[in-house]
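Reader: I am new to this structure. Please show me how to read its features, one at a time.

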Amino acid sequence: MNILGINAYHGNASAAIVCDGILVAAVEEERFNRVKYAAGFPAQATRYCLKEAGLTLAEVDHVAIPRNPYARLWTKVSYALRMPSFARERAKVLVKFQGIPEALAQAFDADPKKNRAKFHRIEHHQAHLASSFYCSPFECAALLSADGLGDFASTMWGTGSGSRMAIDGAVTFPHSLGLFYSAVTQYLGFLKFGDEYKVMGLAAYGQPEQLEVFRDIVRFESASDGNAFKLGLGYFVHHRTGPEMSWAEADKTPALGKLFSGGMEEKLGPARTPEQTLAQRHRNLAASLQARLEEVYLGMLRKLAERSRLKAVCLAGGVAFNCVANGKIFDATPFEQVYIHPAAGDGGLSVGAAFYVWHQILDKPRSFVMDHAYWGPEYSREEIRSAIDSSGLAQKGCAIAELKEPELMKSAATLIADGKILGWFQGRAEWGPRALGNRSIVADPRRPEMKEILNQRIKHREVFRPFAPSILAEATADYFEKSHPSPFMTLAYGVRPAQREKIPAPTHVDGTGRLQTVTREANPRYHALISAFRDLTGVPVVLNTSFNDNEPIVCRPEEAIECFQRTQMDALVLGDFLITRPAGS
Ligand SMILES: [Fe+2]
């Protein structure tokens, strides 16, 4: 039984294929079309997934679409009556969604009339919940999805048991924790889609001195209606102007309309423009925003734990990328185990929708755990060799060597320990927005100056944004104040004070690190690299940042080589090949 999940015409367009209850491949369209958060129809991602599974389109039995335009229809209609622009937007969305079978057939040059697959529309947040619960190792768990908006809801919670999920409640438009975070992110002058994580990094530099105002911006009472929170709507405009994101063109990065109102500026002072220098006031506002998000998010989780009496929780939705809040779950709630889908944002919906069909609709038992994130394209030795040969690197004086694993690990670890910046390209590309040791740039965590060097030479990003540590899983407790696994870099823990000076580069200003715990089982090669670095230095940690420079993470070896050439990376490992620049270049 083959189920194709497709997240189309929505941010982070993606595809996934589940065969007999086992995920075979999953990838976001941005990795192919090189447009960050691309939102059109994921034709290339779908073609890749079927190729990886060895299937033709005719062999797909079910297609799962993680959106149901008919969910909360009456609420939508009532808004549409008040807002003609919103009604027009909804009509366009409906037309696009109804065209998915045709777009799918077109991607394969097939006749849509011959399509024998059954199409399912899965509500946005149920697909988020499914992405986390059905990929988790838990037999029973509490479930929470929180994001900006999907199918007119922003939050949904419930419980999962075996192959079933039960939904207990939802927060609907216009109330949304994701839109709250996005609105203040815009107010602080970060206007691009996906900039929220920048503000989360900035928050560590401030004090939450405006927390009282933020308690008015998001109101969270211990009300009898469970988890409900409400936005103080006077601070926002989205309930008046319409909730939809806009994609200028299908394949372009999505854009979000202005969300905050004059009311927010009246209360907090003038909004910052992107050109304005960041002042302490802005840092304090970011801290206040983060503090209020944590109060509400952790408060919802506490209630969920009390009601469900479960010790495990599965999280998804864009808010579940707030690793700082996630890291506090163990102290602030009764939950003892947490699973966060690696593509917790809308990219993950294709996987969630496919598993929803398998378990919730077809009632099949569980047989899969997503314990690693390597579900994307992989390239053979010959493909890598050919990319190197046609790159002209040898002619430019680069040394190119093909090495056996022990020697490769030792050479790579030595380069890192010597302060070199290493591109590290191995195996299948990661699923989700984090590089987790297959499309990573790796550097020495012991050097405090490494953050600045990386920013100057490669990443060109804001100085206040932290870099992340990858640590051998078995050493987690030695360096961090918590040891619960964080395989997908979705939790931030305090670095033990005595260890902070050992790994200053990926330790954030507040003493935390957004860590990736690396096991031999999940990624033997990355584990071997960090082990080799530990053998040389005594430190079982490397600094890990995504292999890119203001673009989607590299996917093909050619893109890795281009990024290597364009930036001032010192060395590049592609599979078994080690490439180093000529001395003095
Ligand atoms: Fe979502």
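Author: This is a predicted model.

Reader: Is R309 buried or exposed?

Author: R309 is exposed, because its relative accessible area is 73%.

Reader: What is its backbone like, and what is phi near in R309?

Author: First the general idea. Most residues other than glycine have a negative phi, and most peptide bonds are trans. Now the case. R309 has a positive phi, near 55 degrees, and is a residue other than glycine.

Reader: Which loop holds D20, and what is its phi near?

Author: D20 lies in the loop between β2 (14-19) and β3 (22-28). Its phi is near 50 degrees, again a positive value in a residue other than glycine. D20 is partly exposed, with 47% relative accessible area.

Reader: And peptide bonds? Where does P174 lie, and is the bond from F173 to P174 cis or trans?

Author: P174 is in the loop between β8 and α7 (177-187). The bond from F173 to P174 is cis, with omega near 5 degrees.

Reader: Now the metal. What coordinates the iron ion?

Author: Look for the donor atoms around the ion. Here they come from H124 (NE2), H128 (NE2), D147 (OD) and D346 (OD), at 2.0 to 2.2 Å. Along the chain, the donors follow the spacing H-x3-H-x18-D-x198-D.

Reader: Why are H124 and H128 about one helical turn apart?

Author: An α-helix has 3.6 residues a turn, so residues three or four places apart point the same way. H124 and H128 are four residues apart in helix α6 (residues 124-133), so about one helical turn separates them.

Reader: Are those two histidines, H124 and H128, buried or exposed?

Author: H124 counts as buried, at 1% relative accessibility. H128 counts as buried too, at 0%.

Reader: What is the geometry of the iron site?

Author: Check the angles among the four donor atoms. They run from 87 to 163 degrees, and the site is irregular.

Reader: How many residues of α6 are buried?

Author: Ten of its ten residues are buried, and the helix is mostly covered. Among them are H125, Q126, L129 and F133.

Reader: What covers the buried residues of α6?

Author: The cover includes strands β6 (140-150), β7 (153-161), β8 (164-172), β11 (312-316) and β12 (337-340), along with helix α15 (349-361).

Reader: Can we look at one residue of β8? Which residues is M165 in contact with?

Author: M165 is found in strand β8. Leave aside its neighbours within four places in sequence. Its contacts then include Q126, L129, A130 and F133. Y134, L143, T159, G160, Y356 and Q360 are also in contact with M165. M165 is buried, with 7% relative accessible area.

Reader: Next, salt bridges. How many are there?

Author: The general idea: side chains of opposite charge can pair when their charged atoms come close. Here the count comes to 28 salt bridges.

Reader: Which residue pairs with K198?

Author: K198 and E462 meet in a salt bridge, at 3.2 Å from N to O. K198 lies in helix α8 (residues 196-203) and E462 in the loop between α18 (450-459) and β16 (468-472), so the pair ties together parts 264 residues apart in sequence. K198 is buried, at 9% relative accessible area. E462 is partly exposed, at 23%.

Reader: Which residue pairs with E294?

Author: E294 meets K328 in a salt bridge, at 2.7 Å from N to O. This pair links distant parts of the chain: E294 is in helix α12, K328 is in the loop between α13 (323-326) and α14 (329-332), and they are 34 residues apart. E294 counts as buried, at 10% relative accessibility. K328 is partly exposed, at 36% relative accessible area.

Reader: And where do R385 and D389 lie?

Author: R385 and D389 are four residues apart in helix α16 (residues 381-389), so they are separated by about one helical turn. Their side chains meet in a salt bridge, at 3.0 Å from N to O.

Reader: Which residues are linked in a network of salt bridges?

Author: R34, E551, R556, E558, E559 and R566 are linked in one.

Reader: Last, the surface. Which residues make the nonpolar patch of about 590 Å²?

Author: Y70, L73, W74, V77 and L81 make that patch. V77 lies in helix α3 (residues 73-82). V77 counts as partly exposed, at 31% relative accessibility.

Technical notes. Residues numbered from 1 in each chain as written. Predicted model: local features only at pLDDT ≥ 70, side-chain atom pairs only at ≥ 80, totals over all residues. Heavy atoms only, no water. Donors = N, O, S within 2.8 Å, 3.2 Å for Na, K, Ca; no water. Tetrahedral: all angles 85-135°; square planar, octahedral: opposite > 155°, others 65-115°. Helix = DSSP H or I, 4+ residues; strand = E, 2+ residues; numbered from the N terminus. Buried < 20%, exposed > 50% of the residue type's maximum accessible area, 1.4 Å probe, protein only. Patch = residues over 30% accessible without salt bridge, like charges linked within 9 Å, V, L, I, M, F, W, Y side chains within 5 Å. Areas by Shrake-Rupley, 256 points an atom, 1.4 Å probe, with all protein chains shown as cover. Salt bridge = Lys/Arg side-chain N within 4 Å of Asp/Glu carboxyl O. Contact = heavy atoms within 4.5 Å.
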